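Me: Could you take a close look with me at one part of this model? I would like a connected walk through it.

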Amino acid sequence: MNNMIVSVNPHIYAKDTTQTIMRDVLIALFPAVIASIVFFGVRALLVEVVCVAVAMGCEWAFEKITNKPVTVTDLSAAVTGLILALNLPASIPLWQAMFGSFVAIIVVKQFFGGIGQNFANPAITARVIMLVAFSGAMTNWLPAAFSNAPADAVTAATPLAIIASGEGELPSLLQMFIGARGGSLGETSCLALLLGGLYLIYRRVITWHTPAAFIGTVLVLTALLGQQPLYQVMAGGLFIGAFFMATDYTTSPPTHAGKLIFGVGCGLITVLIRVWGNYPEGVSFSILLMNILNPYICDWTRTKPFGGVQA
Amino acid sequence: MFSGKLHGIHAPHRKNTVDRVPVRLPVPPVITVPMSMNIGAPAKPVVKPGDEVKVGQMIAEAGGFMSAPIYSGVSGKVKRLDEIVSSNGRFDTVVVIETDGQQTVWEGVKPPVVTDKDSFVEAVRQCGCVGLGGAGFPTSVKLNVDPDRVHAIIINGAECEPYITSDTRTMIDSADDVIYGAQLLQKYYTADRIVIGIEDNKPQCVKIMEEAGKGVPGFEVAALPALYPQGGEKVLIYNTTGEIVPEGKLPIDVGAIVINCTTLAVIAKYIKTGMPLVEKVVTVDGSAIANPQNVIVPVGTPIQNVLDFAGLKCEPKKVLYGGPMMGTSVPSLEAPVMKNTNAILAFDAKDAEDPVPSACIRCGRCVAHCPFNLMPAAIESAYNNKEPETLKALKVNLCMECGCCSFSCPARRPLVQVNKLAKAMLNQYNAEQKAAAEKKAAKEKEKEAV
């Protein structure tokens, strides 16, 4: 009996693995994918497929070249690719979408050591880089189906741009909720994102703290500032940001207190940018900035050990 | 200060053997009794090869204050004294006894005279009792305290590990012994409360204990949520009394004594009959076992005999002392059942396989599930970076190795293993710091003298 396995406890494990968690995120994004196709057509699906494929391909290639274990099957690259795609306009040139996926996986994720090591959310960082590099294409919004845009319109303003400029007709609250408005292809449908977010909370992939603090802060602050809070909450990338990007494990705090601070910080920066900044939208910037503060939040919110005595 | 609920995990219960009344294992041909079955000093053999021994006869005396004597669970002849490598990797002396199958009881087995607390503690010492929940802490040492300091006696019937039902069977089959033990404790320590903590996945035990304990003053049953590690000592104290045992202190420092229900039953039985701790009810289960059940086994019985009795479906690839959360895997089936063995679990190749770790994704589940609010992922990186000061600040020394962090880790990081190593690193660092400080002090003294 010399071939018995001897190992340290425990000897049983919970069912969840990195792969099942990432699979849950993909499932949770499915309603948003459907919504993107409904409102922006098959072109949306094309962008999504391209981003996911390039993200997974880049991860595989980088790990092959650097002789690291290939982690494509953990699906984290697929999640990054899909989230990036959902943050792009449906009209984005495909080569730019490919470039974005490349930046997200190679520059932001792999250069910093791969999964769990990146300091900022790869999809958001790539989006911000694209916003700077391709500012025209990145803000060229197609009119959504079932929206108020005239049938012959080629482009449409986002609700935040309408609010910021004071020109144009805002969509109804119902249109805002289901997603019939101009915007990135996956950010418009609050309904789809809410379904996905609730699924993640139900599956305990995320907790309510970050999204509640993020959305709540935006709601309260814009209400205080008289900035049409319901529109502010449903417009822009707030829902996808709060449920899917600010909750990224690697770049947000692990404790509940930390998550609340992180969410409030994101909400605060978002409102500051939207109300006083040059950009009409600030969700991506806010999460990116809070990503940078994350190590400090983690240090402030270290847990208090049970029975621990301060030396 | 800490308030609120302690975290934990919803481990699978798998209490397949709860209805299996323990059956006696046929006397094995040979038993191998290890001398290190408790925390503290190993026992010292008092028999030599060729000696005849009987059931209940002492074969080893306590090796010091922090130790416990050992008695034979079989009748037969001492074959030899041997050195083995035990499951914790240390050398240990074993007394090998060839059995005669008669199970003749030793003439000297008679009830001890117990009149006061001191004679009670002495009886507990003589009975060879150690913490049977698994820790193996000599019970007499735990009970050797000033009765005035004891406010709550907590009987541990939580049995929160998956599979194991031996404590459950104690509460069902030996309820009278548990209650008699509780009465004795109440008599000599007069605590305000005497609480038996039972996880609420064992409603029959809750009912039986409520019924049986009616006459005992201050006795109550606490039905606790089945949230592993409910039976952890500090967890149980907090959940039954609200007291937090501070770092470096003992339960008695917050007025509590925690005693496992089977330990208590063994003490009660010894005081009634004079038969010391010589056999154990052991749950035999796991995916390699054909017929999971509870078996009464003399201490020292090789695991092989126990597994053969319950039947093996396949060759076991991993065999554990104790439950799957905190159990120790044994390297060989010759390893004996010990005093603190409450289960033998044998797993097939599929269940035995060690998971392949992948990179930490910082999901925070290890933090969210740690009952003591530690941060295992941070401990792991501090250990890898060799930062003992950080380990100190992260309080790795508080870790009880319950396994919740590793269990819940989706990347399958070996967090418990790292915590064990980190504790050793911190201990070494503390010792070095202390030695350096002493050296410095001595030098300064020398200087002053000059």
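How far apart do the C-alpha centres of domain 2 of chain B and domain 3 of chain B lie? Please also take me through the sheet in chain B with the strand order β11-β10-β9-β12.

Reply: Happy to! Bear in mind that this is a predicted model. The C-alpha centres of domain 2 and domain 3 of chain B are 31 Å apart. The domain assignment places domain 2 at 124-273 and domain 3 at 365-449, while domain 1 of chain B is made of two segments, 23-109 + 276-350. Where domains 2 and 3 of chain B touch, domain 2 gives four residues and domain 3 gives five. On the domain 2 side, two of these residues are nonpolar, one is polar and one is charged.

Now for the sheet. It is open and has four strands of chain B, paired in parallel. At its edges are β11 (219-224) and β12 (256-260) of chain B, each pairing on one side only. From one strand to the next, the twist averages 25 degrees. Strands β9 (residues 152-157) and β10 (residues 193-199) of chain B are joined in the parallel sense by six bridges.

Next, look at helix α7 (residues 261-273) of chain B. This helix lies across β9, β10 and β12 of chain B, and its direction is at about 80 degrees to β12(B).

Technical notes:
Residues are numbered from 1 along each chain as its sequence is written. Chains are lettered from A and ligands numbered from 1 in the order in which they are written. This is a predicted model: local features need pLDDT of at least 70, side-chain atom pairs count only at pLDDT 80 or more; totals for chains, interfaces and linings use all residues. Two strands pair if DSSP finds at least two bridges between them. Helices (H or I, at least four residues) and strands (E, at least two) are DSSP runs, numbered from the N terminus. Axes are lines fitted to C-alpha atoms, for helices over the stretch in contact, and angles run from 0 to 180 degrees between N-to-C directions. Two residues are in contact if their C-beta atoms, placed from the backbone, lie within 7 Å. Domain bounds come from an automatic or database domain assignment. Ala, Val, Leu, Ile, Met, Phe, Trp, Tyr, Cys and Pro count as nonpolar, Asp, Glu, Lys and Arg as charged, and the others, Gly among them, as polar.
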